[in-house]
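Welcome to this short tour of a protein model. Take a moment to look at the sequence and the 3D view, then follow the notes below.

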Amino acid sequence: MRAGISAEDSGHYSTRRSEFVKWVLIVAILFGAIDAAHAAEESSGTKIKKILEPTPTPVRKHRKHSSNKATPTPSPAASAKRKKASPTPSPTPTPKRKSKSKKASPTPTPSEFPAAKETPSASPAETPEPARGKKGWPNVSLSPNEIAGYDSYPAKVRQILGAGLALTKQNLGYSYGSADPANGGMDCSGFIYYVLRQNGFPDVPRDSSQQYVWVRKAGNFNAVLSRKEDSFELDALKPGDLLFWRGTYNIDRDPPITHTMIYLGREKRTNKRVMIGSSDGRTYDGKQRWGVSVFDFKLPPPPSSGDAKISPVFVGYGRIPGLTED
(Lines give C-alpha, C1' and ligand atoms only; values in the text may rest on other atoms or scores of the structure.)
Protein backbone atom coordinates (compact mmCIF):
# COMPACT_ATOMS: atom_id res chain seq x y z
CA MET A 1 0.00 0.00 0.00
CA ARG A 2 2.76 2.37 0.94
CA ALA A 3 4.63 1.21 -2.07
CA GLY A 4 1.72 1.86 -4.41
CA ILE A 5 1.00 5.17 -2.90
CA SER A 6 4.54 6.05 -2.95
CA ALA A 7 4.85 5.06 -6.57
CA GLU A 8 1.90 7.25 -7.47
CA ASP A 9 3.07 9.93 -5.21
CA SER A 10 6.46 9.70 -6.68
CA GLY A 11 5.05 9.87 -10.14
CA HIS A 12 3.00 12.89 -9.24
CA TYR A 13 5.95 14.37 -7.55
CA SER A 14 8.14 13.89 -10.56
CA THR A 15 5.58 15.30 -12.91
CA ARG A 16 5.07 18.28 -10.66
CA ARG A 17 8.72 18.67 -10.34
CA SER A 18 9.20 18.61 -14.07
CA GLU A 19 6.38 21.04 -14.50
CA PHE A 20 7.93 23.28 -11.84
CA VAL A 21 11.20 23.10 -13.60
CA LYS A 22 9.52 23.93 -16.87
CA TRP A 23 7.79 26.90 -15.32
CA VAL A 24 10.99 27.96 -13.71
CA LEU A 25 12.68 27.69 -17.08
CA ILE A 26 9.83 29.53 -18.71
CA VAL A 27 9.99 32.26 -16.10
CA ALA A 28 13.74 32.38 -16.43
CA ILE A 29 13.44 32.54 -20.17
CA LEU A 30 10.85 35.26 -19.89
CA PHE A 31 12.94 37.20 -17.41
CA GLY A 32 15.99 36.64 -19.59
CA ALA A 33 14.08 37.84 -22.61
CA ILE A 34 12.85 40.80 -20.62
CA ASP A 35 16.36 41.51 -19.40
CA ALA A 36 17.70 41.04 -22.90
CA ALA A 37 15.03 43.30 -24.23
CA HIS A 38 15.74 45.72 -21.44
CA ALA A 39 19.42 45.45 -22.17
CA ALA A 40 18.73 45.85 -25.82
CA GLU A 41 16.61 48.81 -24.96
CA GLU A 42 19.43 50.14 -22.79
CA SER A 43 22.02 49.43 -25.48
CA SER A 44 19.87 51.03 -28.09
CA GLY A 45 19.28 53.92 -25.66
CA THR A 46 22.93 54.30 -25.06
CA LYS A 47 23.52 54.09 -28.75
CA ILE A 48 20.90 56.76 -29.31
CA LYS A 49 22.50 58.81 -26.53
CA LYS A 50 25.87 58.30 -28.10
CA ILE A 51 24.42 59.25 -31.43
CA LEU A 52 22.76 62.24 -29.91
CA GLU A 53 25.74 63.23 -27.72
CA PRO A 54 28.31 63.53 -30.53
CA THR A 55 26.04 66.00 -32.23
CA PRO A 56 27.12 68.82 -29.84
CA THR A 57 30.75 67.68 -29.95
CA PRO A 58 31.02 67.90 -33.72
CA VAL A 59 29.31 71.24 -33.47
CA ARG A 60 32.01 72.32 -30.99
CA LYS A 61 34.69 70.79 -33.13
CA HIS A 62 33.13 72.45 -36.11
CA ARG A 63 33.22 75.71 -34.20
CA LYS A 64 36.80 75.05 -33.19
CA HIS A 65 37.64 74.20 -36.73
CA SER A 66 35.84 77.28 -37.84
CA SER A 67 37.76 79.31 -35.23
CA ASN A 68 41.01 77.55 -36.16
CA LYS A 69 40.25 78.10 -39.74
CA ALA A 70 39.41 81.67 -38.93
CA THR A 71 42.93 82.31 -37.66
CA PRO A 72 44.80 80.52 -40.47
CA THR A 73 42.32 81.54 -43.15
CA PRO A 74 43.07 85.23 -42.76
CA SER A 75 46.82 84.54 -42.73
CA PRO A 76 46.84 82.44 -45.92
CA ALA A 77 44.22 84.63 -47.41
CA ALA A 78 46.17 87.66 -46.37
CA SER A 79 49.40 86.15 -47.56
CA ALA A 80 47.78 85.12 -50.78
CA LYS A 81 46.30 88.54 -51.11
CA ARG A 82 49.58 90.10 -50.20
CA LYS A 83 51.42 88.00 -52.69
CA LYS A 84 48.84 88.83 -55.28
CA ALA A 85 48.88 92.38 -54.06
CA SER A 86 52.07 93.25 -55.89
CA PRO A 87 50.65 92.27 -59.31
CA THR A 88 46.98 93.02 -58.54
CA PRO A 89 46.24 96.31 -56.79
CA SER A 90 42.61 95.24 -55.96
CA PRO A 91 43.05 94.19 -52.28
CA THR A 92 44.04 97.65 -51.07
CA PRO A 93 44.14 97.16 -47.28
CA THR A 94 46.39 94.12 -46.96
CA PRO A 95 48.66 94.60 -49.96
CA LYS A 96 49.45 98.18 -48.99
CA ARG A 97 50.80 96.97 -45.68
CA LYS A 98 53.03 94.36 -47.26
CA SER A 99 53.86 96.35 -50.31
CA LYS A 100 54.86 99.18 -48.00
CA SER A 101 56.83 96.87 -45.74
CA LYS A 102 58.52 95.12 -48.62
CA LYS A 103 59.08 98.19 -50.73
CA ALA A 104 59.83 100.45 -47.76
CA SER A 105 62.79 98.38 -46.54
CA PRO A 106 64.52 98.11 -49.91
CA THR A 107 63.78 101.60 -51.15
CA PRO A 108 65.43 103.55 -48.31
CA THR A 109 68.46 101.29 -48.28
CA PRO A 110 69.43 101.75 -51.92
CA SER A 111 68.50 105.40 -51.78
CA GLU A 112 70.69 105.90 -48.72
CA PHE A 113 73.70 104.15 -50.24
CA PRO A 114 73.77 106.26 -53.36
CA ALA A 115 73.36 109.30 -51.16
CA ALA A 116 76.39 108.20 -49.17
CA LYS A 117 78.28 107.57 -52.36
CA GLU A 118 77.25 110.93 -53.75
CA THR A 119 78.61 112.86 -50.74
CA PRO A 120 82.30 112.25 -51.50
CA SER A 121 81.73 113.01 -55.16
CA ALA A 122 79.76 116.14 -54.18
CA SER A 123 82.56 117.48 -51.96
CA PRO A 124 85.12 117.73 -54.78
CA ALA A 125 82.41 119.27 -56.95
CA GLU A 126 81.87 121.97 -54.32
CA THR A 127 85.58 122.77 -54.21
CA PRO A 128 87.12 124.15 -57.39
CA GLU A 129 90.28 122.16 -56.70
CA PRO A 130 90.34 118.76 -58.39
CA ALA A 131 91.03 116.64 -55.31
CA ARG A 132 92.44 116.95 -51.85
CA GLY A 133 95.52 115.16 -50.67
CA LYS A 134 95.93 113.09 -47.54
CA LYS A 135 95.31 116.19 -45.41
CA GLY A 136 94.39 119.75 -46.22
CA TRP A 137 94.29 121.29 -49.65
CA PRO A 138 96.25 120.32 -52.77
CA ASN A 139 99.89 121.29 -53.14
CA VAL A 140 100.61 124.51 -55.00
CA SER A 141 103.23 125.22 -57.64
CA LEU A 142 104.20 128.46 -59.35
CA SER A 143 105.81 128.99 -62.72
CA PRO A 144 108.88 131.29 -62.92
CA ASN A 145 106.88 134.00 -64.72
CA GLU A 146 104.49 134.17 -61.71
CA ILE A 147 107.36 135.32 -59.46
CA ALA A 148 108.31 138.99 -59.59
CA GLY A 149 111.82 139.59 -60.98
CA TYR A 150 112.57 135.89 -61.40
CA ASP A 151 114.55 136.47 -64.61
CA SER A 152 116.97 138.77 -62.76
CA TYR A 153 117.83 136.09 -60.17
CA PRO A 154 121.40 134.71 -60.31
CA ALA A 155 121.67 131.59 -62.46
CA LYS A 156 122.51 129.32 -59.51
CA VAL A 157 119.56 130.64 -57.56
CA ARG A 158 117.23 129.99 -60.53
CA GLN A 159 118.67 126.48 -60.78
CA ILE A 160 117.97 125.72 -57.10
CA LEU A 161 114.49 127.27 -57.15
CA GLY A 162 113.64 125.55 -60.46
CA ALA A 163 114.52 122.16 -58.93
CA GLY A 164 112.32 122.94 -55.91
CA LEU A 165 109.38 124.08 -58.06
CA ALA A 166 109.65 120.87 -60.09
CA LEU A 167 109.15 118.86 -56.87
CA THR A 168 105.98 120.83 -56.07
CA LYS A 169 104.40 119.38 -59.20
CA GLN A 170 104.89 115.76 -58.10
CA ASN A 171 102.11 115.76 -55.48
CA LEU A 172 104.52 114.76 -52.71
CA GLY A 173 103.23 114.52 -49.16
CA TYR A 174 104.88 115.36 -45.87
CA SER A 175 106.87 112.34 -44.67
CA TYR A 176 108.87 112.77 -41.46
CA GLY A 177 112.39 111.36 -41.77
CA SER A 178 112.35 111.20 -45.58
CA ALA A 179 114.78 113.07 -47.87
CA ASP A 180 113.88 111.25 -51.08
CA PRO A 181 110.88 112.01 -53.34
CA ALA A 182 110.84 108.31 -54.29
CA ASN A 183 109.28 107.70 -50.85
CA GLY A 184 106.23 109.74 -51.86
CA GLY A 185 107.09 112.61 -49.55
CA MET A 186 109.75 114.44 -47.55
CA ASP A 187 110.08 116.44 -44.38
CA CYS A 188 111.23 120.09 -44.32
CA SER A 189 114.97 119.53 -43.85
CA GLY A 190 114.81 116.51 -46.18
CA PHE A 191 113.56 118.80 -48.96
CA ILE A 192 116.48 121.25 -48.40
CA TYR A 193 118.95 118.38 -48.19
CA TYR A 194 117.72 116.76 -51.44
CA VAL A 195 117.49 119.98 -53.51
CA LEU A 196 120.91 121.32 -52.46
CA ARG A 197 122.70 118.01 -52.87
CA GLN A 198 121.19 117.62 -56.35
CA ASN A 199 122.53 121.07 -57.27
CA GLY A 200 126.15 120.91 -56.14
CA PHE A 201 126.14 121.27 -52.31
CA PRO A 202 127.38 117.89 -51.02
CA ASP A 203 128.23 119.14 -47.53
CA VAL A 204 124.69 120.23 -46.61
CA PRO A 205 123.64 118.65 -43.26
CA ARG A 206 120.55 116.48 -42.99
CA ASP A 207 118.46 118.05 -40.20
CA SER A 208 117.25 121.63 -39.80
CA SER A 209 119.22 122.30 -36.61
CA GLN A 210 122.52 121.39 -38.25
CA GLN A 211 121.57 123.30 -41.42
CA TYR A 212 121.15 126.35 -39.20
CA VAL A 213 124.59 125.75 -37.70
CA TRP A 214 125.99 125.31 -41.24
CA VAL A 215 124.67 128.74 -42.27
CA ARG A 216 125.72 130.42 -39.01
CA LYS A 217 129.28 129.15 -39.32
CA ALA A 218 129.50 130.57 -42.86
CA GLY A 219 128.75 134.03 -41.43
CA ASN A 220 125.77 134.67 -43.70
CA PHE A 221 122.97 134.67 -41.11
CA ASN A 222 120.48 137.48 -40.28
CA ALA A 223 118.59 137.20 -36.99
CA VAL A 224 115.01 138.44 -36.82
CA LEU A 225 113.41 139.46 -33.52
CA SER A 226 110.57 141.55 -34.95
CA ARG A 227 107.15 140.13 -35.74
CA LYS A 228 106.30 142.79 -38.31
CA GLU A 229 106.62 141.86 -41.98
CA ASP A 230 107.83 145.37 -42.89
CA SER A 231 110.63 145.23 -40.34
CA PHE A 232 114.08 146.44 -41.43
CA GLU A 233 115.36 143.04 -40.27
CA LEU A 234 113.97 141.58 -43.49
CA ASP A 235 115.61 144.12 -45.82
CA ALA A 236 118.52 141.79 -46.61
CA LEU A 237 116.24 138.83 -47.45
CA LYS A 238 116.94 137.49 -50.96
CA PRO A 239 115.49 134.67 -53.11
CA GLY A 240 117.30 131.41 -52.42
CA ASP A 241 117.94 132.23 -48.73
CA LEU A 242 117.29 129.53 -46.12
CA LEU A 243 114.58 130.36 -43.53
CA PHE A 244 114.62 128.97 -39.98
CA TRP A 245 112.03 128.52 -37.18
CA ARG A 246 112.01 127.06 -33.72
CA GLY A 247 109.12 125.77 -31.61
CA THR A 248 107.11 124.27 -34.49
CA TYR A 249 107.05 121.01 -32.53
CA ASN A 250 108.39 119.86 -29.19
CA ILE A 251 111.87 118.36 -29.43
CA ASP A 252 114.94 118.53 -27.23
CA ARG A 253 117.82 119.62 -29.47
CA ASP A 254 120.55 122.24 -29.52
CA PRO A 255 120.18 124.58 -31.30
CA PRO A 256 116.37 124.25 -30.99
CA ILE A 257 115.67 124.80 -34.71
CA THR A 258 112.70 122.72 -35.88
CA HIS A 259 111.75 124.02 -39.34
CA THR A 260 113.42 125.32 -42.53
CA MET A 261 112.42 126.43 -46.05
CA ILE A 262 113.75 128.34 -49.09
CA TYR A 263 112.66 131.87 -49.85
CA LEU A 264 111.16 132.29 -53.38
CA GLY A 265 110.51 136.03 -53.52
CA ARG A 266 107.24 137.87 -54.13
CA GLU A 267 104.32 136.53 -56.10
CA LYS A 268 103.26 138.82 -58.95
CA ARG A 269 99.55 138.30 -58.45
CA THR A 270 99.44 139.20 -54.76
CA ASN A 271 102.85 140.86 -54.11
CA LYS A 272 103.11 138.61 -51.05
CA ARG A 273 106.29 136.88 -49.96
CA VAL A 274 106.26 133.18 -50.78
CA MET A 275 108.57 130.28 -49.95
CA ILE A 276 109.06 126.69 -51.02
CA GLY A 277 109.59 123.47 -49.08
CA SER A 278 107.74 120.70 -47.24
CA SER A 279 105.32 121.34 -44.39
CA ASP A 280 102.74 119.54 -42.30
CA GLY A 281 100.18 122.31 -42.26
CA ARG A 282 101.47 125.74 -43.33
CA THR A 283 99.21 127.83 -45.53
CA TYR A 284 99.09 129.23 -49.02
CA ASP A 285 96.29 131.63 -49.87
CA GLY A 286 94.82 131.02 -46.41
CA LYS A 287 94.46 127.24 -46.86
CA GLN A 288 96.55 124.58 -45.17
CA ARG A 289 98.78 122.35 -47.31
CA TRP A 290 100.52 119.13 -46.34
CA GLY A 291 103.58 118.16 -48.33
CA VAL A 292 105.94 119.72 -50.87
CA SER A 293 104.38 123.00 -52.01
CA VAL A 294 104.59 126.76 -52.28
CA PHE A 295 103.61 128.52 -49.03
CA ASP A 296 103.06 132.07 -47.81
CA PHE A 297 106.00 133.47 -45.88
CA LYS A 298 104.57 135.11 -42.76
CA LEU A 299 106.06 135.97 -39.41
CA PRO A 300 104.20 133.99 -36.72
CA PRO A 301 102.17 135.84 -34.07
CA PRO A 302 103.42 136.07 -30.49
CA PRO A 303 103.39 132.79 -28.55
CA SER A 304 100.01 131.95 -27.08
CA SER A 305 101.63 129.72 -24.46
CA GLY A 306 104.26 130.29 -21.79
CA ASP A 307 106.21 127.33 -23.19
CA ALA A 308 108.20 128.67 -26.16
CA LYS A 309 109.01 125.10 -27.26
CA ILE A 310 105.50 124.64 -28.65
CA SER A 311 105.06 128.16 -30.07
CA PRO A 312 106.50 128.77 -33.59
CA VAL A 313 109.04 131.56 -33.67
CA PHE A 314 110.86 132.78 -36.78
CA VAL A 315 114.57 132.89 -35.93
CA GLY A 316 116.09 134.36 -39.09
CA TYR A 317 117.49 133.69 -42.57
CA GLY A 318 120.82 133.23 -44.30
CA ARG A 319 122.59 132.65 -47.59
CA ILE A 320 123.40 129.11 -48.67
CA PRO A 321 127.13 128.59 -47.91
CA GLY A 322 129.12 128.49 -51.15
CA LEU A 323 126.33 130.02 -53.26
CA THR A 324 127.77 132.48 -55.80
CA GLU A 325 125.99 135.59 -56.98
CA ASP A 326 126.94 135.03 -60.64
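What percentage of the 326 residues of the protein chain count as buried? The answer is 31%, where buried means under 20% relative accessible area, exposed means over 50%, and partly exposed lies in between (1.4 Å probe, protein chains only). Please keep in mind that this is a predicted model: local features need pLDDT of at least 70, side-chain atom pairs count only at pLDDT 80 or more, and totals for chains, interfaces and linings use all residues. Residues are numbered from 1 along each chain as its sequence is written, and side-chain values use heavy atoms, with hydrogens and water left out.

**The whole chain**

- The protein chain has eight helices and eight strands; helices (H or I, at least four residues) and strands (E, at least two) are DSSP runs, numbered from the N terminus.
- Among contacts in the protein chain with a separation of 6 or more, 56% come from residues 24 or more positions apart; contact means heavy atoms within 4.5 Å.

**Strand S4 and its partners**

- Four of the five residues of strand S4 (residues 242-246) are buried, which leaves the strand mostly covered.
- S4 pairs with strand S5 (residues 257-266) in the antiparallel sense over five bridges; two strands pair if DSSP finds at least two bridges between them.
- In this pairing, arginine 246 stands opposite isoleucine 257 in S5.
- S4 is also joined to strand S8 (residues 313-318) by five bridges, and these strands run antiparallel.
- Here leucine 242 stands opposite glycine 318 in S8.

**Helix H8 and helix H7**

- Helix H8 (residues 208-218) has these buried residues: Ser208, Ser209, Gln211, Tyr212, Val213, Trp214 and Val215.
- Their cover includes helix H7 (188-198), strand S3 (221-223), S4, S5 and S8.
- After H8 comes glycine 219, whose phi is positive, near 80°.
- H7 and H8 pack with their axes 9 Å apart and at an angle of about 55°; axes are lines fitted to C-alpha atoms, for helices over the stretch in contact, and angles run from 0 to 180 degrees between N-to-C directions.
- The two helices, H7 and H8, are therefore oblique to each other: angles under 35 degrees count as roughly parallel, over 145 as roughly antiparallel, 65 to 115 as roughly perpendicular and the rest as oblique.
- Where they meet, Ser189, Ile192, Tyr193 and Leu196 come from H7, while Ser208, Gln211 and Trp214 come from H8.

- Serine 279 is found in strand S6 (residues 273-284) and is buried, with a relative accessible area of 1%.
- A polar atom of the serine 279 side chain lies 3.0 Å from the backbone nitrogen of arginine 282.
- Glycine 291 has its place in strand S7 (residues 287-296) and is buried too, with a relative accessible area of 0%.
- Leaving aside neighbours within four places in sequence, the contacts of serine 279 include Tyr174, His259 and Gly291.

Technical notes:
A polar contact is a pair of N or O atoms within 3.5 Å; within protein, one must be able to donate a hydrogen and the other to accept it, and residues adjacent in sequence count only if both atoms are side-chain atoms.
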